[in-house]
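Student: I would like to go through the terms used for this model and see what stands behind each one. Can we take them in turn?

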Amino acid sequence: MNKFYITTPLYYVNSKPHIGHSYTNIAVDTVSRFYRMKGYDVFFMTGTDEHGEKIEKASLASGLKAGEEKKFVDGIVPVFKDLWQKLGMQYDYFIRTTDDYHIKAVQAVLNKLYKDGRIYKKIYKGWFCTPCETFWSEAQSENGLCPDCKRHLEKLDEENYFFKISEYQEWLIDHINSNTSFIKPDFRRNEVLGFLREPLQDLCISRSKIRMSWGIEVPFDKNFVTYVWFDALINYISGIGYPGDTARLERYWPADFHIIGKDILRHHTVYWPIMLHALGMAPPKTIFAHGWWIVKGEKMSKSKGNVVDPVAVIDKYGIDTYRYFLLREVPFGLDGAFSEEALIKRYNSDLANDIGNLLNRTLTMVEKYFEGIVPVIKGQGSPHHSLRSDAGQARVKGRDQLKEKAAGLADELDKTLPQLDYSGALVKIWEVINIANKLIEDSKPWVLAKEKKTDELGSLLYSLLESLRIVALSIYPFMPATTKSIMEQLGVAEPVEKMKFEDIGTWGKLKPGTKVNKSKPLFPRIESA
Ligand code: MSP
């Protein structure tokens, strides 16, 4: 069985999750559902990053004493888990960097690299950004401000351990150049290659306990803890059994995808592959950096008070609307603007008007003209009387086009989703919805009913219902709850979880004679915010 191993970053537990965090998880959940439908052995891992100065400070600020950080992080982790549950995340494993086996894995990595002569000690004179948990050199500091987040840097002058990453620069450049799918999107690969034009500085991988003690102790020097990024990146292998469980490691490694935000590109595409290479392990197949959600033209921040709480949005508009909006609004990889107005606009046009309406009007007609029973396709290919007219021919052509486009969705998903082109996949699905809605307008079923062209009317309604079944299954990775309610309304008894990817491309699975269950509109129109 094919495997598919995909990860999210580990989120810092200094505050509650916001839409940025939920974005990555929704994207990963969506593509994981797609591969599960295709029968892959999927391993989707997410979790929390719990060490370091930022968390230590947050713990102290919450009123806890030094040394009580574990209590603090234990209090925040359930907030993340609750949100993921609420969003319908089907992750396979939740890793915490305070887990025992992870701590042991980090220490095993440090011991190995130290023994192999890859780690050495020297005085570190430079800067540190606590919010980014990143070291910066004198040259990189912008007058004492972080070049990334523009906040104040802390000056450091202390002994530390360093990992000789400079030795691997040529190897890394080569690897990036010869593997075009290693860093995605392509413009991010160029960004990393640009960064690698300058000589790499060895990476500081420790913090002195005198200054900061909330971390994994360096196994060969108890005066130090591990630098939080060095600790956290190792989760991608500790979570699948490094170092002891070689069978699981071999099963899942290399990861198919690490999905990250654009701000943590360097850590994932420079430090991490070098760490793996030094351990004698292969790099991940693809690191995909998505863009950021901005709000009213600005980065979200607590001080600006513009942080969007996913729970509030979900409670107001529903989970599937939220999932749909995030994945449809911007191509994955680019930045996007989040606003309730934009969400309502998409909701009203794509959900209420396009898909919601198609289901509603189709089922209304099935009830009205066929007593709620899925009709049989009749007369196709035979010299049926209604085919003699041009209009009749056009209607048959319209139905054929719908059938072809709907059954072709399997191929479209196969082309787009392995590239994480979520919006591209949704555009293709909505093309089918639009063709179906247009077919209703063009075929004028109410006229067919009046003229008693019952066979043709039945064929038309069957085509619409069957396209709805295919559309419903195609949106399953994105909007699983909507799939369920459409299937229920279509009268399909088989549980969605049992359906297969091939069912998308197989026209005719909906059985004539099935009783439909029209219920409330899926997405009632929203008149105002
Ligand atoms: N702990 C590190 C990751 C370690 S992975 C081994 C970290 N954590 S974070 O909580 O600060 O950020 C986690 C992710 O959220 C990052 O991928 C980041 O890009 C993403 N986002 C944070 N704000 C975001 C938006 N406004 N929009 C989209 N994603 C954003 O970095």
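**Ligand contacts and aromatic rings**

Tutor: A polar side-chain atom of W292 lies 3.3 Å from an oxygen atom of the ligand. The model is predicted, so local features need pLDDT of at least 70 and side-chain atom pairs count only at pLDDT 80 or more, while totals for chains, interfaces and linings use all residues. Residues are numbered from 1 along each chain as its sequence is written, and side-chain values use heavy atoms, with hydrogens and water left out.

Student: How much of the ligand's accessible area does the protein cover?

Tutor: On its own the ligand has 660 Å² of accessible area (Shrake-Rupley method, 1.4 Å probe), and the protein covers 94% of that.

Student: What makes Y347 and F523 an edge-to-face pair?

Tutor: Rings of Phe, Tyr and Trp (its six-membered ring) pair if their centres lie within 6.5 Å; planes under 30 degrees apart count as stacked, over 60 as edge-to-face and the rest as tilted. The ring centres of Y347 and F523 are 5.8 Å apart and the planes are at 90°, so the pair is edge-to-face. Both Y347 and F523 are buried.

Student: How many aromatic pairs does this rule give?

Tutor: The count comes to 39 aromatic pairs. Y35 and Y40 form one that is edge-to-face, at 4.7 Å centre to centre with 65° between the planes.

Student: How do you know that R207 lies over the face of F128?

Tutor: A charge sits over a ring if NZ of Lys or CZ of Arg is within 6 Å of the ring centre and within 35 degrees of the ring normal. R207 is 4.0 Å from the ring centre of F128 and lies over its face. K122 lies over the face of F162, at 4.6 Å from the ring centre.

Note on methods. Buried < 20%, exposed > 50% of the residue type's maximum accessible area, 1.4 Å probe, protein only. Polar contact = N/O pair within 3.5 Å; in protein donor to acceptor, adjacent residues only side chain to side chain.
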